[in-house]
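Please look over the sequence and model below before reading the notes. They cover a pocket, salt bridges and a surface patch.

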Amino acid sequence: MKTRALYTGSFDPLTNGHMNIITRASKLYDELTVGIIANPSKKALFPIEEREIMIAEALSCLGNVKVDHFSGLLADFVNSHGFNVVVRGLRGATDFDYEIQMAQMNARLFNDQVETVFLMTDPQYSFLSSSMVKEVHSLGGCIDGLVPEAILKRMDEVLQKQA
Ligand code: COA
């Protein structure tokens, strides 16, 4: 059976921690889709259409990875698109408690053949989150090496516009 995996999140912005999970997952599965969620409860720096373009550019070197977006229930997106794996990254123990609840709830909602699979985040990125890079960058701190260069450039442009 062809393995069609989904890695989902807000990716506002995509960080090198996400890139690390995506690169590793792309080697494990036939196809990997990065599914950007439109999450109305989070104030976004980049509109979802722009995130989709930036992420597709950052991942263009990975032949079996594509980018899509969705809103609503994750399980509906997974079932209707025929994914058989949902990849999640675990940065540490605090992620685990939330992730296990989400995986168990999703297991009730997914079609039978869908599994949630966890990859341990590379330790060099275990402290990282999109909100943290946004906050540090907006206050003038250096985030070199934490986000792809093209994304850092766009963040610089947005910051200059706001100034
Ligand atoms: N490297 C760097 N950062 C990471 C990371 C990694 N490997 N893994 C997670 N993060 C960061 C993210 O950037 C995010 O940071 P932020 O909160 O500052 O934006 C944070 O950790 C949380 O990530 P995540 O748990 O992936 O949250 P999310 O908002 O990006 O996405 C969904 C969560 C999409 C999986 C979840 O909200 C969802 O499924 N929503 C759909 C509705 C639904 O079905 N609900 C029922 C679920 S049972």
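The points below are grouped by topic. The model is predicted. Its largest pocket holds about 1,000 Å³ of space, and a search of the whole structure finds nine salt bridges.

**Largest pocket**
- The lining of the largest pocket is made up of 40 residues, and T8, G9, S10, K42 and R88 lie nearest the centre.
- Elements giving two or more residues to this lining are β1 (4–9), α1 (16–28), α2 (48–58), β4 (85–90), α4 and α5 (130–138).
- Helix α4 supplies the largest share, seven residues.
- By type, the lining residues are 17 nonpolar, 14 polar and nine charged.

- R88 pairs with E99, with 2.8 Å between the closest N and O atoms.
- This pair links distant parts of the chain, since R88 is in strand β4 and E99 is in helix α4, eleven residues apart.
- R88 is buried at 17% relative accessibility, and E99 is buried at 4%.
- R91 forms a salt bridge with D95 at 2.9 Å, N to O.
- D95 is buried at 11% relative accessible area, whereas R91 is partly exposed at 38%.

- K153 and E157 meet in a salt bridge of 3.9 Å, N to O.
- The two are about one helical turn apart because four residues separate their positions in helix α6 (residues 149–162).
- Salt bridges with shared partners join E50, K153, R154 and E157 into one network.
- K153 is exposed at 54% relative accessibility, and E157 is partly exposed at 33%.

**Surface patch**
- L73, M105 and L109 make a nonpolar surface patch of about 270 Å².
- L109 belongs to helix α4 (residues 93–109) and is partly exposed, with a relative accessible area of 35%.

Definitions and conventions. Residues are numbered from 1 along each chain as its sequence is written. This is a predicted model: local features need pLDDT of at least 70, side-chain atom pairs count only at pLDDT 80 or more; totals for chains, interfaces and linings use all residues. Side-chain values use heavy atoms; hydrogens and water are left out. Patches are made of residues with over 30% relative accessible area and no salt bridge: like charges are joined within 9 Å, nonpolar side chains (Val, Leu, Ile, Met, Phe, Trp, Tyr) within 5 Å. Accessible areas come from the Shrake-Rupley method with a 1.4 Å probe; for residues, only the protein chains shown count as cover. A salt bridge is a side-chain nitrogen of Lys or Arg within 4 Å of a carboxyl oxygen of Asp or Glu. Buried means under 20% relative accessible area, exposed over 50%, partly exposed in between (1.4 Å probe, protein chains only). On a 1 Å grid over the protein atoms alone, a cavity is a set of points where a 1.4 Å probe fits but cannot get out, and a pocket is an open set with protein on both sides within 12 Å along at least five of seven lines; lining residues have an atom within 4 Å of a point. Grid points are joined across faces, edges and corners, and a volume is the space filled by probe spheres set on the points. Ala, Val, Leu, Ile, Met, Phe, Trp, Tyr, Cys and Pro count as nonpolar, Asp, Glu, Lys and Arg as charged, and the others, Gly among them, as polar.
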